[in-house]
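Hi everyone, thanks for coming along. Let me put the structure up, and then we'll walk through a few backbone details and the ligand site.

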Amino acid sequence: MLSISNSFISFYLLFHMLSLSGQVGGLKLRNPIMLAAGVLGTSGASLKRAAKAGAGCVVTKSIGRDPRDGHPGPTVVQVDCGLLNAMGLPNPGYKEFQEEINIAKLTGVPVVASIFGSDPKEFSEISSALRADAFELNLSCPHTECYGDELGRYPELVEIVTRSVKDRVDVPVWVKLTPNTADIVQLGFAAQRGGADAVVAINTLRAMAIDIEMGTPILGNIFGGLSGPAIKPVAVKCVYDLSANLDIPVIGVGGISTWEDTVEMIMAGAQGVQIGTALYRGYEVFHDITNGLLSYLERKSITLEQLRGMARRQL
Ligand code: RRO
């Protein structure tokens, strides 16, 4: 009898030690690896595909009140170590998008609606009408007049917008922060004061590329946002600083392509991570990362909880 209960306890401990499931930003997820906003979340079918490929949850492309075509092309250009984009928030408007969320929800994987607006009223209108498992407030798109970091650079506005959504919904509210600021921690504090359940760090870094034959900027919008491996060390530092100072969880995003990047981000303090640009390699990235992360935990005999923030505790 004793040996049966001992083996049960060992199995239970092993199972929990190796499990990737847990709470991330107020959502219960099967693993902490998510589809980042923007990359593939433009339709129910692509969100569903990411969910089926193993994502712990999926975040939609940012959705606004009214339909938008976005910026003129070219909207994406490959540069050394990453991608430069200036899509310009193209989307069909929230009334058209509910059906896409519903399709993705059929997978059983939580769907987070990324939303944007030009003022607190727009944010609150969208969030009270859309039905999603959580909201991610885009206060950080770096290249669209009246939206994104044009609000998200100011702590007072971050707090007011966060509060305007938090007061309207009964699901978790995440705030995606801009790295294009002198002090991202002040923006994190503002989101926390507004009642955010988590902050997401970071959106793209303002950047540009020039065609040296033509002598003109390559992007239709002239400048855009840089993503991919080049920005990972910036994201790691932001996550490290935010998680050292805030009481709410931090979700890391920016240049994560491998399980090693994921371990690094969790060691910096992230409760979950989002994958964006790396998806250009294919949907397998979700399985590659979850498998690699599990093997790492097993090899080191540690839990996700023990891994989180380890880089800070070692000092
Ligand atoms: O649509 C975009 O151009 C865009 C968005 Br919403 C964002 O948050 N970050 C970005 O680099 N591009």
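Let's begin with Pro 74, which is found in the loop between strand S4 (57-59) and strand S5 (76-79). Strands (E, at least two residues) and helices (H or I, at least four) are DSSP runs, numbered from the N terminus. The peptide bond from Gly 73 to Pro 74 is cis, with omega near -10°.

Before I go on, a word on the source: this is a predicted model, where local features need pLDDT of at least 70, side-chain atom pairs count only at pLDDT 80 or more, and totals for chains, interfaces and linings use all residues. Residues are numbered from 1 along each chain as its sequence is written, and side-chain values use heavy atoms, with hydrogens and water left out.

Now, where is Ile 202? Ile 202 lies in the loop between strand S10 (198-201) and strand S11 (205-207). Ala 201 and Ile 202 are joined by a cis peptide bond, with omega about 20°. Leu 89, in the loop between S6 and helix H3 (94-105), has a positive phi near 55° and is not a glycine. Why point these out? Most residues other than glycine have a negative phi, and most peptide bonds are trans.

On to the ligand, which sits in the largest pocket; "sits" means that more than half of its atoms lie within 2 Å of the pocket's grid points.

A polar side-chain atom of Thr 204 is 2.7 Å from a ligand oxygen atom. A backbone N or O atom of Gly 88 lies 2.8 Å from an oxygen atom of the ligand, and for Met 87 a backbone N or O atom is 2.9 Å from a ligand oxygen atom. The protein covers 92% of the 310 Å² of accessible area (Shrake-Rupley, 1.4 Å probe) that the ligand has on its own.

Note on methods. Polar contact = N/O pair within 3.5 Å; in protein donor to acceptor, adjacent residues only side chain to side chain. 1 Å grid on protein atoms, 1.4 Å probe; cavity = no way out; pocket = protein on both sides within 12 Å on 5 of 7 lines; lining within 4 Å.
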